[in-house]
Amino acid sequence: MPFSIRATDTLMLYGRRHTYTRGAVLGAITVLFIVAGVSALFLTRFQLLPYLTDSFVRSRLQRTAESYGLELQISEIRHSNNGLHLVGVSARHRIGGHQLDIDTMLLRLGAGSLLRPQSMLRSISIETMTLHLHEGSNGIVVPRRGTPEITRAGVGAPGIGGPGAQASGGADLIPASVHTELWDDAGLTSQAVSSLFRALSRLGSAPEIQARAVELTFSSDRSQSSVPWKAASIHELHLGGGVLAGEFSFVSRGTHQIPGNTPRLPDSATVQLQLGKGPTELHGAVSFSPELALPLGGSLSTVLSSTMNRTSNGDPLDLVLQRLEFNAGWITLEQLSLESHDAVTPLSLEALRLGHSEEREYLQIARAWESANSSLELRGAWSLARASLNLLKAAEFIEPQLNLRIDIDGNYRLPGATPLLTGRTTELGTDLHSDISATEPTTQDRVSPFIDLLTAVDRPLEVRVQNASVSVHDERHGTAHSAEVSLHDLDLFLERHNHSISFGTTGMLKSGSIDAGHWDIDLVFDGRELHALSIDLELPQIAVPIQLLGGGFIELVRDGSLVLQLSSAPHAGDSDSGTSWGGILGLRNAAFSLPFLAEETFTVADMSYEFALSYDAQAELSDAGLLFAWPDDRDLSAALGRITMRSGILTVGEVQMEFRPSLHGLFGLDGPPARADVDIELPPTSLQRILGTIPAPLLGELSGMRLGGDLAWAFQLEVPLDRPSRMEWRSLLNAPEFQVLYLPPAVDVFRLSGSFDHTIQDPGLEYERSVRIPPMRPVSNDWMRRNSGMTPEEVAADPRREAWFTRVPEAPARNVSAPRQGAGHRYVRLEEMSPWIPRAVLSGEDSWFFAHRGFDWPAIKRAFELNLRQGQVVVGASTISMQLMKNLYLNHDRVAARKLQEAFLVFLVEEVMQLPKERMLELYLNIVEFGPEVFGIYDAAQHYFGKTPQQLDLTEAVWLASILPSPKVYHRQFEHGEVFAWWLQRKEQYMASMLRRNRITQDQYDAEVSLKPRFRDSGT
């Protein structure tokens, strides 16, 4: 049925029937509502609303003030179209004495504010406000919600609360140590940072606040207040809508002392900020006039000092700043510097720009900082450093200037400040025979935390340094180098994106006012792939960069120039993979002072190395050519990567050779690369020309020697770097016309077969003795068969015996009568000694003496690995041949050059002269030291046992052999009257070695192993 509207209707009302028109009724009702609304609006606007608002606001503010322990007064509340005007607002804390006075405050109310009072405020405007805070002896009183209970009379005293003020529930006291939480580094906690970010994120929903002419004043009962200002002014402030903007000024207390710190506060600061929800949405700037100085003492100095394993013992530094700018994830610090309190500026920058990350990284660094300050352990400091690197996305250092000092001990210091950069450089010249147990941690142990730190960050990172300069003042005296060294026009960039690293640097080096070099280096590395590498380095004075290393390095390099050029080059063939570079390295007029190598300063011949370098990160490990036994505990199947010198022409003086090192298995292994190879090819070259390239201090007593003929040398070396003792090499020497044209008399080894005079010296005891050595006499074949370990066939076929002796007599050994004590030196033939003497000495000093040709290569390999692992020379591998050359011709200085001289003399005796082994052993036993002023086997037998060498038994022979490494040390047992108990273990080792080599029988071992030698009376 269709719906229709009828024009008239009938209504029964009070028993009467009325007929009406519907439109007229609706119109009348509408008019009534309009009249009622206008009347209500008029009444509310001009009468009811002001009354209700005044009553509501006063009561609400009073209740709130009372809950905080405040006395509140409001002179007038007016209502206008703009909102509520509060005139003459005054508040005072009953206990703390805080005073607040506001001339005018405008509150803008939102719609429905009476229905929803919790959201009534839309904005607050304040004109002419003053606030006073006071610090009592127990700290600053901070109001908090609660019901105050005042227990002290005279609370209403103007201004401040007395020292007897107490409150329960209405106020909290900030303790006197609050300054440590406000200023000290430890106050930055993760909770505080988190709260700050939450507050910033709510700015958009909070009421807008505008303020003008706000004055803050501070007073204190304490001699050193926790508040660094006595007054502050807010000329204009706007807070709201995600924006904080304002202009502030401060009046500092002058020299404001905080225990452990001395901050220098600016007279005024201008702040313009726009805050977002996170740290990367912060915009604005803060300018300080004249500057802001924040102390870097306290726990920060302690943490930084602990990272260097040092104790802070200098003055604290101030971080001085003039302007701070925030813009879209960047923080810019302008006119930044570090200053000590004696007006010295160790570091200054025009600007430092830091690109930072999100809130979670800030929380991580806050927790790491808190941990580092609480524990002050090195581990906590490294955690802080890693967290800081994770926070950082980019950094730009614009025109930094760094001033450093090297003190008289070779330590780096910031001038006039805490030695944050102090670190003693390891001295060179280590004792070649240091005890292993006394060695310090290796360089790898000291450096590994830094490597760990650099590899801890896997996020993109960009670092740029523009136009930097570094000045170093060297306070060490007695050197030939300039006291002022500086780096100029230093630019550097480092970009890391995922696995890609780009690095580049340019700069100049000066020594005083003299140019000492320049460099230009670029590198691009993507994962394992080295895409680009370019080096242009020229150092006309290489002593200058060496000087910058600090420590004792300044004395090592005295003069010389260095040039290095490296650039990309095409491959040698189409089948080659990877990348290639070509370059040249040159060293001119280089003078060195290396105490571990030679006693005197020496100048090396000019050198150059022209090379072609190839790098292939995907190359599989190639088969070894010489190695036959790889370490069993290392899986090399995943080893990849190779660096190879495709060609390398090394020129030293007038000598030229091919020198090609290479590294294999760079990746995919735990530990060092798999293998290192070296190939050397020396074409036929004059021996005298080769000799001319060796500096005279390295030749020592051999200086002036003349050689004839040519030498050609082919050398191949393969070293498994995990087990260097398993290295293998092939050496082919070809010198068919080799001649020794002249040997200085002091090292004339060719006289060893005849009679000669020898001077025995002990510089430590100022002992000197001249002895006469008789000419060589053959030893019987029977003695050789019984004592050398050679078979009868080997003895008969020995080419040395055949060359020197046409007939070897089978003469029996002769007895030597015992002379009186104190007689002169006696030379004793091998056949006139107890057979236990050579057997014991060979077992302890050189078991393979009769088998090798002067060098025990397996022992040398083992010593090389041990010394390499220890980082210094701790053991040697000297043979009896080498010890004989040292005792006869060389001094006992523990330098590497003496080893080289010793090796050459051994070569002459073993290869050129081919002196019989028995003659060398006989000479050794007759001149070697056995104790203080005790030289030779005859003196030793007399001194310790009162016997002739022929009368010594097995135990006595083992004693004499065992003391040879350190005869003066073992002599203490003789002075004691008997051997110490631990020596029996050493004797057992010697006798076990003799037993294994058939130099004693099992019965002899069992009968003698537990016996002690019986010394003669040491007092006679």
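Tutor: Threonine 955 sits in helix α20, which spans residues 954-962; helices (H or I, at least four residues) and strands (E, at least two) are DSSP runs, numbered from the N terminus. This is a predicted model, where local features need pLDDT of at least 70, side-chain atom pairs count only at pLDDT 80 or more, and totals for chains, interfaces and linings use all residues. Residues are numbered from 1 along each chain as its sequence is written, and side-chain values use heavy atoms, leaving out hydrogens and water.

Student: Is threonine 955 buried or exposed?

Tutor: Buried means under 20% relative accessible area, exposed over 50%, and partly exposed in between (1.4 Å probe, protein chains only). Threonine 955 is buried because its relative accessibility is 3%.

Student: And how do I read a salt bridge?

Tutor: Side chains of opposite charge can pair when their charged atoms come close. The rule asks for a side-chain nitrogen of Lys or Arg within 4 Å of a carboxyl oxygen of Asp or Glu. The count here comes to 29 salt bridges. One of them joins arginine 353 and glutamate 396, at 3.3 Å from N to O. This pair links distant parts of the chain, 43 residues apart: arginine 353 is in strand β16 (residues 347-356) and glutamate 396 in strand β17 (residues 392-398).

Student: What about aspartate 474?

Tutor: Aspartate 474 bridges to arginine 476, with the closest N and O atoms 2.8 Å apart, and both residues are buried.
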